[in-house]
Amino acid sequence: MLRYWRTLLLLLAVALPQASTGQPRAPRQLVRLEITARAPAFNGESFGAAGSYERIAAVAHMRIDPLAPANRGIVDLDKAPRDADGLVAYDVDVLILRPRDGARASRVLLFDVVNRGIKTAGVLNGGSIGLADPVDSGDGLLMSKGVTVLWAGWQGDVTGPNMIGARFPVATDHGKPITGRISAEAIFDNLTSNRIALAYPAASPDQSAARLTVRAVTGSPERVIPADQWRFDGDRAVVVTRPANMDAGAIYRFEYVARDPKVMGLGFAVVRDLVSFVRHADAAQGNPLADLARAPCPRASCDGAVTSAVAMGISQSGRYLRDFLWQGFNRDLAGGRVFDGIMTMVPGARRTFTNARFAEPGRFSRQHEDHDVPGFGFPYAYATLRDPVTGQTDGILRACTATGTCPKVMHFDTGAEFWQAGASLVGTGGTNRDVPFPPNVRAYMLAGGAHAPGMTTPACALPANPMNYSAVQRALFVAMVDWTLDRTAPPPPR
């Protein structure tokens, strides 16, 4: 009943005009799902007690209030175009897999955070990650447990068939283009490539406003490449005449003036607001999951269509979830918790380069290049502590702890992330000792594992361990659901 009134008040805040009082307006958000396709999934195959599944494709037409306190941390949202109500509109792709009969569902929602637009939940079925639509069914673990799976675009710079993307507005300075100096780095890794793609269009083709350098390895002196040895290829690429004395591992850095930054931080708001919508809105409001409330309650009491909402992210999308928590987006606009459980798979100690001007969510600090890319800095640990280097006090869970909206968390790394992604910082926070994990966090390391399970292509000088550890990921998901439903606590951090 409390959820009902909370949702009703939120919708009234959206629907009713608000008088100008000189004070900040109440948070407002409207989610409208436009269903574009609805059909049986997996050729109508039945999965035990859950029965058959259906695939729902939709576009979520989102609106967000840039003046709401919960949204003010979204970089450049105040510079996005607004509609007549003063709200900012944007669209995202949505895909849903759900039991056709809501009464046979488990009332468990898995939000699979797409990795560069690619669905990853197939690993929980013992299948693969890829562009399969709707997802690799494998042995059907998720379906046999009646789990509803939701995907939504959060990255505003991905496109392609079967990819889940988003269309975010471009920020302007009162209608005039915003420009800024940014950089792109590239290692060609072969002897023939010579084209550097630019994430944002160049503001001008004037070569004198740009600078191209190359260095042999990290830390070596940079060498300026003269303007007669490179050229713009349109406004989104640079073609280079590569120096003869630089091998395929050389690091090229192109600095230029870019224009038209997208409001990429909306990638956090869409997940917060969409998941809250499908959890609490009713059928009259266009929620295609509302009838899941007819299913048996999996614990002592239930409220809304979804009883347990779990988010899973792998690699880039695992880093996204650490950022989502750190930036306080697990608290919805009505003050409730968005996800009951969050599983960050192989993220190491990183976050993402998402909520920033000229953000590039797919880019991250690597061993050799991109060392100045945001997302690999304090805080690293989930617990709040003091950074011995900067003197700052912070933690991944600091924001949700302050609002009482923290989820259960499982952090899973392999040996690869300890070598390549600073994973030891998750347990030390940058100090010279282990720091305790909060009671709602479990951290596990799979010794010897590669970044991707079953990986056979060498990423370094020697082949990766071909061990397929997806069985561990599957077991952890089952344990996470039990944990969020107050059945059984998982093993302590190891």
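A residue counts as buried when its relative accessible area is under 20%; by that criterion Glu255 is buried, and so is Arg253. The structure described here is a predicted model.

**Helix H4**

- Helix H4 is largely enclosed by the rest of the structure, because 10 of its 11 residues are buried.
- The buried residues of H4 are Gln316, Ser317, Gly318, Arg319, Tyr320, Leu321, Arg322, Asp323, Phe324 and Leu325.
- The cover over these buried residues includes three helices, namely H3 (266-280), H5 (398-403) and H7 (424-428).
- Strands E16 (308-314), E17 (341-345) and E20 (408-414) are also among the elements that cover the buried part of H4.
- After H4 comes Gly328, which has a positive phi near 85°.

**Arg322 within H4**

- Arg322 belongs to helix H4, which spans residues 316-326.
- Although Arg322 is buried, it has no salt bridge.
- The nearest side chain of opposite charge to Arg322 is that of Asp413, 7.2 Å away; a salt bridge requires a side-chain nitrogen of Lys or Arg within 4 Å of a carboxyl oxygen of Asp or Glu.
- A polar atom of the Arg322 side chain lies 2.9 Å from the backbone oxygen of Arg350.
- Leaving aside residues up to four places away in sequence, Arg322 touches Thr344, Pro347, Gly348, Ala349, Arg350 and Arg351, among others.
- Its contacts also include Pro379, Tyr380, Tyr382, Ile396, His411 and Val426.

**Salt bridges**

- The count of salt bridges in the model comes to 27.
- One of them pairs Arg253 with Glu185, with the closest N and O atoms 2.6 Å apart.
- Arg253 lies in strand E15 (residues 251-259) and Glu185 in strand E9 (residues 179-186), so this pair ties together parts that are 68 residues apart in sequence.
- Both Arg253 and Glu185 are buried.
- Arg253 also meets the side chain of Glu255 in a salt bridge, at 3.0 Å from N to O.
- Another salt bridge joins Arg351 and Asp323, whose closest N and O atoms are 3.6 Å apart.
- Because Arg351 lies in the loop between E17 and strand E18 (385-386) while Asp323 lies in helix H4, the pair ties together parts that are 28 residues apart in sequence.
- Arg351 and Asp323 are both buried.

- The structure holds 1 cavity of 30 Å³ or more.
- The largest cavity has a volume of about 50 Å³.
- Its lining consists of Ala202, Ala203, Ser204, Asp206, Ala209, Ala210, Phe232, Tyr256 and Val257.

**An exposed loop residue**

- Ala447 is located in the loop between strand E21 (441-446) and helix H8 (470-484).
- Ala447 counts as exposed because its relative accessibility is 58%, the cut-off for exposed being over 50%.
- Between Ala447 and Pro177 there are 49 Å in space, C-alpha to C-alpha, and the two are 270 residues apart in sequence.

Terms used. Residues numbered from 1 in each chain as written. Predicted model: local features only at pLDDT ≥ 70, side-chain atom pairs only at ≥ 80, totals over all residues. Heavy atoms only, no water. Helix = DSSP H or I, 4+ residues; strand = E, 2+ residues; numbered from the N terminus. Buried < 20%, exposed > 50% of the residue type's maximum accessible area, 1.4 Å probe, protein only. Lys, Arg positive; Asp, Glu negative; His and termini not counted. Polar contact = N/O pair within 3.5 Å; in protein donor to acceptor, adjacent residues only side chain to side chain. Contact = heavy atoms within 4.5 Å. 1 Å grid on protein atoms, 1.4 Å probe; cavity = no way out; pocket = protein on both sides within 12 Å on 5 of 7 lines; lining within 4 Å. Points joined across faces, edges and corners; volume = space filled by probe spheres on them.
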